[in-house]
Amino acid sequence: MNVARRVLSLMHLCFVLQNIMTSRHTHTKRIEGLDKNVWVAFTSLAADPSVVNLGQGFPDIPPPSYVKEALAQAASVDKMNQYTRGFGHPSLVKALSQVYGKVYERQIDPLKEILVTVGGYGSLFSTMQGLVEDGDEVIIIEPFFDCYVPMVRMAGAKPVLIPLRLKSGKKTVTSADWFLDPDELSSKFSSKTKAIIINTPTILSGRDELQMIADLCIKHDTLCFTTLPGMWDRTITISSAGKTFSVTGWKLGWSIGPEHLMRHLQTVMQNTIYTCPTPLQEAVAQGLQHNFELMGQPECYFSSLAEELEGKRDRMAAFLQEAGMPPVIPEGGYFMLVDVTPLNQDLSHMVQDEAYDYKFVKWMIKEKKLAAIPVTAFVGEESKKQFEKYIRLCFIKQDSTLDAAEAILKNWRKI
Amino acid sequence: MSRQLQARRTAWLEFTQLAADHRAVNLGQGFPDFSPPTFIQEALREALSGGYQMHQYTRVFGHPPLVRILAKFFGRIVGREIDPFEDVLVTAGAYQALFCAFQALIEEGDEVILVEPFFDCYQPMVELAGGKTVHVSLRPSQKVEGSGVPSSGDWVLSPEELASKFNPRTKAIVINTPNNPLGKVYKTEELQVIADLCVRHDVLCISDEVYEWLTYDGNKHVKIASLPGMWERTVTIGSAGKTFSATGWKLGWAISSVHNMKNLKIIHLGSVYQCPTATQEAVARGFEREYELFGTPESYFQQLPAMLHQKREKLASCLGAAGLQPVMPEGGYFMIADISSVKVDLSDQSTEDEPKDFTFVKWLTKEKGLATMPVSTFYSPEHRREFSQYVRFCFVKEDSTLNAAEDILRKWSQTQ
């Protein structure tokens, strides 16, 4: 073989080796199939300033000023800029034990029964990783906040889905008209069931249904990721400073539960994040302290915010109805589901293999400059047909945003 | 994960409690007790009074102003175009960046080489990801008698021993430079040895560089990702907390080629989702300021190591006077000291199987009111005994704290 050919064959060999080398470093099995995410897909589309964004669930109204001031003040104290206690800043866990102690009417140990996490999200993650094993089953009610399924799968467990169903023949629908079929729910429990996840307030808020779930949990010795009377020993309750004080960008949340479960969540925390930001925790502690004293009174932010949102909810429901889109009036939360079937929007020109609601939202953002979130992002494959005519709108928005949305809907048929 | 989880750091929690109970002067914990620089506190104040967006969700993988400046800042250092949206991930502290890296890259049965002494979280994180740790120790090379104070630079890896740890199951090696607890700053030649092995065996490198701005005596921090063949296989981790003396902000980042980063992003998305907006905005402004002042005397990255240089010298001389033998760190927050020559009888104090450094730390905290950390906690169980004659001091403390420590050490040396 002459020199040139020898060199060429050596280069070829190197090239082949290069391919072999880099192909070894692909993703790990635990993240198989988890790369798609509705928020990453839609937030950039909605970020266009000319789009009225009723999609992602964050307020565009300012948080209470005392909360912002508390953060500015906390950050000016030297100690508050350095590490604090891993499982939760002392003043915060103390305030949480007071507020929730009153809500649950029980003594909550701030050091053993509370964990502060990076958002409600971080609590869901710590719970899943701390309590759910490979091979377990976890029951999730559709529609569900989209992260539940990937988190269950990342823990090596199997999500078992059950859809809420609509009672037929109703003219004006509220979230109370959606129900869980008791026999269907019971059939989802098996010897492998480790837990059921409940998200409330959401569509599901009725007391009878929650009691039905509680009874099944007790019967099957299942954990419950919410709180219900008589359920303390098997429930982890998860909440969020971001949603409580309209500061979603603070990313602080917490889990509350019995010590024998909480210590596993605390161990996850030690091995993943270790501790949450100090000044943010101090500020939330002050906000909670402030409102604890006002609990039960109209000035309490927990009441005043709900009242303000009820007005916005009613307003949005009215202009949706006028536009011919029947809303599902929510009994709680930030969001309203809307059935777009009556609009009869022809989307046959959109050729992507996606559910109707995904196409509808993309079309609506482009043509109507109004952003929402498709509801099939919150359901499993089998339920897509049942939910693909629904979109989700967020109403925790200032009046000018709601005005702009109303104007778009009024002009809908004109274009 | 739950079955594999171990509650860790019980030793840390125990020593921290002991320090608090005895109201000890605390040189144990690794965080400053002085304030972050004014400009960073000002940046946060400004961010907080910004529009409503400062208090609401930002971009999942990192607030745009922050990822842009990180890409620009570090791109200039490594001499390559870093894509802010593909190559950078902002995390809840460097701790979460490490977690994402291990979960994204380590599979059941993979081997990961840890260079001892190592920051103790690496081991449980590797094990959590189903990996197996393989250890190789830095060792003090023989010094000529009377050749001055021992330095962290004397602690080296044996290239043969290191090479022997690589095999077909090796997935990654973890290095930390400047090192906690030793203070070693790896030289280019040392990193080249590691890089050659990584390239030859197609192994990834996780490089924990949280103390990157803290180098002393003219030592330069070198990024292994900047060596040939290493960008694609290195995940470089940094910390806003250590960079701006604001550990309580809990913000960090991971930077690597998109090929690796897309997987870290998935773990991040499934665990934390995103980091707080306002602190990211403030850190972005901090880096923008430092980008302009880089290399000049006004740069915080010049001023902080200059300030700590003095504190380090002072502590070393007090420790020496008290009979401990400090190892002068070339970088970082910490100094280790050899306690072998200390004239204290601890035989009645020690519990049966307790390493010597544990016993010493408890004695020093209780009897002298000075808290430190035992260095054997930074070693694998199999090597703990070999390295149980060192304790670790943090000197990133204000003068009053170091003066109090100095008083204790001086009084102790006078009784000897």
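**Cavities and cysteines: a quick note**

1. Searching the whole structure turns up five cavities of 30 Å³ or more. A cavity here is a set of points on a 1 Å grid over the protein atoms alone where a 1.4 Å probe fits but cannot get out, and lining residues have an atom within 4 Å of a point. Keep in mind that this is a predicted model, where local features need pLDDT of at least 70, side-chain atom pairs count only at pLDDT 80 or more, and totals for chains, interfaces and linings use all residues. Residues are numbered from 1 along each chain as its sequence is written.

2. The largest cavity comes to about 80 Å³, a volume being the space filled by probe spheres set on the points, which are joined across faces, edges and corners. Its lining includes B:Phe74, B:Trp231 and B:Trp253. By class, seven of the lining residues are nonpolar, one is polar and two are charged.

3. The second largest cavity holds about 50 Å³. Among its lining residues are A:Trp39, A:Phe42 and A:Ile373. The lining has seven nonpolar, four polar and no charged residues.

4. On to the cysteines: there are zero disulfides over all chains, a disulfide being a pair of cysteine sulfur atoms within 2.5 Å. For A:Cys147, the nearest cysteine sulfur is that of B:Cys100, 15 Å away. A:Cys147 is also buried, at 2% relative accessible area (buried means under 20%, exposed over 50%, partly exposed in between, with a 1.4 Å probe and protein chains only).

Definitions and conventions:
Chains lettered and ligands numbered in written order. Heavy atoms only, no water. 1 Å grid on protein atoms, 1.4 Å probe; cavity = no way out; pocket = protein on both sides within 12 Å on 5 of 7 lines; lining within 4 Å. Nonpolar A, V, L, I, M, F, W, Y, C, P; charged D, E, K, R; others polar.
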